Amino acid sequence: NNNGADVDGSGTVAIMSIAPAFAQGPKPKRSILFVWHAGEESGLLGSRYMADHPVVGEIDKVVAQLNMDMVGRNENDDPKNANMVHVVGSDRISTELHNINEEANSSLEKPLRLEYAMNDPADPQSIYTRSDHYSYAAKGVPIIFYFTGLHPDYHGPTDTVDKILFDKIQRIPQLAYETGRRVASSDKAPAKDNQG
């Protein structure tokens with residue numbers, strides 16, 4: 001059995017930390033839906049179902065999807081990656097969403113180092129197609145995938161909570177919140193100018 005502290009207890013905790021911020025902060029113009037998907041490793045089953053049968057009626061009503069999966073560790077356990085987060089897919093459908101995320105990061109007290117290598121369509125690991133955001137991207141929804149990178153405990157029993165970096169696990173949701181707040185407070189949806 002895998003303990004799943006980072007894969008994906010960290011993403012679950014990150015989402016749970018954002019919900020109260022939206023509930024207690026200024027009310028945005030758009031609705032925000034918090035979704036936990038199951039069955040990612042079995043072929044994105046939960047997210048595919050949600051994208052095929054969205055609770056909002058039509059998938060076109062979803063203007064963006066932000067996904068956090070594995071956001072509690074440093075890539076390869078390397079301290080040099082302490083300030084880094086991979087940003088995948090942010091410009092694949094909407095350059096505007098990418099720019100909103102960049103602006104949101106710049107607004108943080110301690111901006112993160114945004115790494116885009118895994119966003120390359122030639123990425124041999126094809127991270128873009130491997131997590132729940134892809135079910136939405138495949139339907140034309142602009143997405144951002146926040147991911148702090150692989151490590152030796154990936155999908156293993158040694159993925160334990162004592163290895164989680166709690167400072168880091170606070171900072172990624174701060175970026176997702178600031179990006180989500182900007183999107184939800186805008187008069188218009190992020191423009192779709194790319195094919196994904």
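**Exercise 1.** Determine which residue forms a salt bridge with Lys-188, and state which parts of the chain the pair ties together.

*Solution.* Step 1: A salt bridge requires a side-chain nitrogen of Lys or Arg within 4 Å of a carboxyl oxygen of Asp or Glu. In this predicted model, local features need pLDDT of at least 70 and side-chain atom pairs count only at pLDDT 80 or more, while totals for chains, interfaces and linings use all residues. Residues are numbered from 1 along each chain as its sequence is written, and side-chain values use heavy atoms, with hydrogens and water left out.

Step 1: The partner of Lys-188 is Glu-96, and the closest N and O atoms are 2.9 Å apart.

Step 2: Lys-188 lies in the segment after H5 and Glu-96 in helix H3 (residues 95–107), so the bridge ties together parts that are 92 residues apart in sequence. Helices (H or I, at least four residues) and strands (E, at least two) are DSSP runs, numbered from the N terminus.

Step 3: Buried means under 20% relative accessible area, exposed over 50%, and partly exposed in between (1.4 Å probe, protein chains only). Lys-188, at 48% relative accessibility, counts as partly exposed; Glu-96, at 25%, also counts as partly exposed.

**Exercise 2.** Describe the salt bridge between Asp-187 and Lys-29.

*Solution.* Step 1: The two side chains of Asp-187 and Lys-29 meet at 2.5 Å, N to O.

Step 1: Asp-187 belongs to the segment after helix H5 (166–185) and Lys-29 to the loop between helix H1 (5–24) and helix H2 (45–52), so parts that are 158 residues apart in sequence are tied together.

Step 2: Asp-187 and Lys-29 are both exposed. The structure holds 10 salt bridges.

**Exercise 3.** Characterise the crossing of H1 and H5.

*Solution.* Step 1: Axes are lines fitted to C-alpha atoms, for helices over the stretch in contact, and angles run from 0 to 180 degrees between N-to-C directions. The axes of H1 and H5 come within 9 Å and cross at roughly 50 degrees.

Step 1: H1 is therefore oblique to H5, since angles under 35 degrees count as roughly parallel, over 145 as roughly antiparallel, 65 to 115 as roughly perpendicular and the rest as oblique.

Step 2: Contact means heavy atoms within 4.5 Å. Among the contributors are Val-13 and Phe-22 of H1, and Ile-169 and Tyr-177 of H5.

**Exercise 4.** Which backbone feature is found at Leu-44, and where does this residue lie?

*Solution.* Step 1: Leu-44 has a positive phi of about 60 degrees although it is not a glycine.

Step 1: Its place is in the loop between H1 and H2, and at 8% relative accessibility Leu-44 counts as buried.

Step 2: Asn-76 likewise has a positive phi, of about 55 degrees, and is not a glycine. Asn-76 sits in the loop between strand E1 (65–68) and strand E2 (84–88), and is exposed with a relative accessible area of 55%.
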